[in-house]
Amino acid sequence: MNEYDSMKVLDLMREQEKFEVTDNEKEADLLVLNTCSIREKAQEKVFHQVGRWKKMRGENPDVKIAVGGCVASQEGENLRKRAPDVDIVFGPQSLHRLPELYKRELETGQSQMDVSFPKLEKFDLIPKSESTDASAFVSVMEGCNKYCSFCVVPKTRGHEVSRSVQDILDEVKHLVKKGAREIHFLGQNVNNFKGEYQQAKSSLADLIRLTGEIDEVERIRFTTSHPHEFKPNLVEAYSLVPQLVSHVHLPVQSGSDRILKLMRRRYDVERYLSLIDDIRRVRPEMSFSSDFIVGFPGETKDDFQATLDLVEHVKFDESFSFIYSPRPNTTAAEMEDSVPLEEKKERLAILQEKLNMLSFSYSRRMMGSIQRCLVTGPSKKDPGELQGRTINNRIVNFKRGSAREGDLVDLEIVDVFSNSLRGRLRDGDDNLSYKAG
Ligand code: SAH
């Protein structure tokens, strides 16, 4: 999500101020730090980076420093006090105002701040993406109303707002013209999307169905879903829309009903598992990834064991796990937390080992199979080769043959590594006209 916002900042400054990106900080006119405050560690990094930039000002005194994103939104005036060298502070929902704030700072010499939540204005004012990537992100909603007890998102990004379906479809058509073949819908609570379409409210399932009708769209993904909002019509979309990939990120956070309740997640393990069953009934090959929080206040050994049991049961693919980090103005931050940090670290290591093993065993099982891959560009390891993505989003490097970026090709998996796979183009040119599904 933050990467997407950073790209938008770049688009804006390019279009409105004719800025270009530089690899050399010392020649920059503006240094922009886009921040995340989901965990404390990410937040602390902000102050270190600003400190580093402050030192650099000796060599480049005219450079302006801007801090955007959730730390800016959360800290606001505090950030200006703690880091007075910051010239511009903007929030995730006011990033479209950065060019204006920058100009005003230059004119007045006064630092500028705007961390407000002006609803949909941002989507209307951000220039159209000129991305030519085969896989393109499209933000469809912002914010979250869930108030999970650990989470800072409703405070930093505000309440949910959904874009209109027509605006999204126009953006998809524009991206497709530029070469996109995979559309990845983004939102903090994406499956609670409620955009307007023909004077009525529509759902993510409706949006997916309409996107599937656009000829050149070969794959559709969406992130991040809340299990509570995964309604039957979204499950049904897997049977109606072949371009919807057989992989979904569905954060469960914990396998203990007691902890899920304290987290205020609005589902229990039984409900989560029945959702997984429902989706697998429609798409037996479906794979699931998840997020986990370890060491939530009061998590007992039994609670943690329940999480391990759930992982074993569902057999999650490539997942993320974190030690609980108390966040300001969240209810969990007030809860008594008697689990020592060392114990939390140990639990995290155990969980991560299990998740890594599961993920690697998925990769190993892909060995020798034929995988339909979207060619996303040159290989990072060897730019003479190409890189593709499988349905479950694994990177496959392969010798290019006659394949080009944006093609869907069949690759035979011939080697498996921890972070990528090696493939071989199967039938040369025959591959190039395949559709996903
Ligand atoms: N629905 C959101 C979730 C973002 S946060 C979205 O995708 O934008 C991603 C993950 O960070 C969460 O699923 C959760 O596992 C983790 N997380 C959130 N708050 C946390 C906290 N206070 N401590 C540790 N991990 C946290």
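Helix H13 (residues 301-314) meets helix H14 (residues 341-366) in this predicted model; helices are DSSP runs (H or I, at least four residues), and strands are E runs of at least two, numbered from the N terminus. Lys301, Phe304, Thr307, Leu308, Val311, Glu312 and Val314 form the H13 side. They contact (heavy atoms within 4.5 Å) Glu343, Arg347, Ile350, Leu351, Lys354, Leu355, Leu358 and Tyr362 in H14. By class, 9 of these residues are nonpolar, 1 is polar and 5 are charged. Ala, Val, Leu, Ile, Met, Phe, Trp, Tyr, Cys and Pro count as nonpolar, Asp, Glu, Lys and Arg as charged, and the others, Gly among them, as polar.

The two axes lie 11 Å apart, at an angle of about 5°. Axes are lines fitted to C-alpha atoms over the stretch in contact, with angles from 0 to 180 degrees between N-to-C directions. H13 and H14 are therefore roughly parallel, the term for angles under 35 degrees.

The ligand is surrounded by 14 residues, each with a heavy atom within 4 Å. Gln188, Thr224, Gln253, Asp291 and Ser325 are the closest. The shell comprises 7 nonpolar, 4 polar and 3 charged residues. Strands E13 (287-294) and E14 (317-323) each supply at least two of its residues.

A backbone N or O atom of Phe150 lies 3.0 Å from a ligand nitrogen. For Gln188, a backbone N or O atom is 2.6 Å from a ligand nitrogen. A side-chain N or O atom of Asp291 lies 2.6 Å from a ligand oxygen. The protein buries 87% of the 550 Å² that the ligand exposes when taken alone (Shrake-Rupley method, 1.4 Å probe).

Residues are numbered from 1 along each chain as its sequence is written, and side-chain values use heavy atoms, without hydrogens and water. Local features need pLDDT of at least 70 and side-chain atom pairs 80 or more, whereas totals for chains, interfaces and linings use all residues.

Notes
Angles under 35 degrees count as roughly parallel, over 145 as roughly antiparallel, 65 to 115 as roughly perpendicular and the rest as oblique. A polar contact is a pair of N or O atoms within 3.5 Å; within protein, one must be able to donate a hydrogen and the other to accept it, and residues adjacent in sequence count only if both atoms are side-chain atoms.
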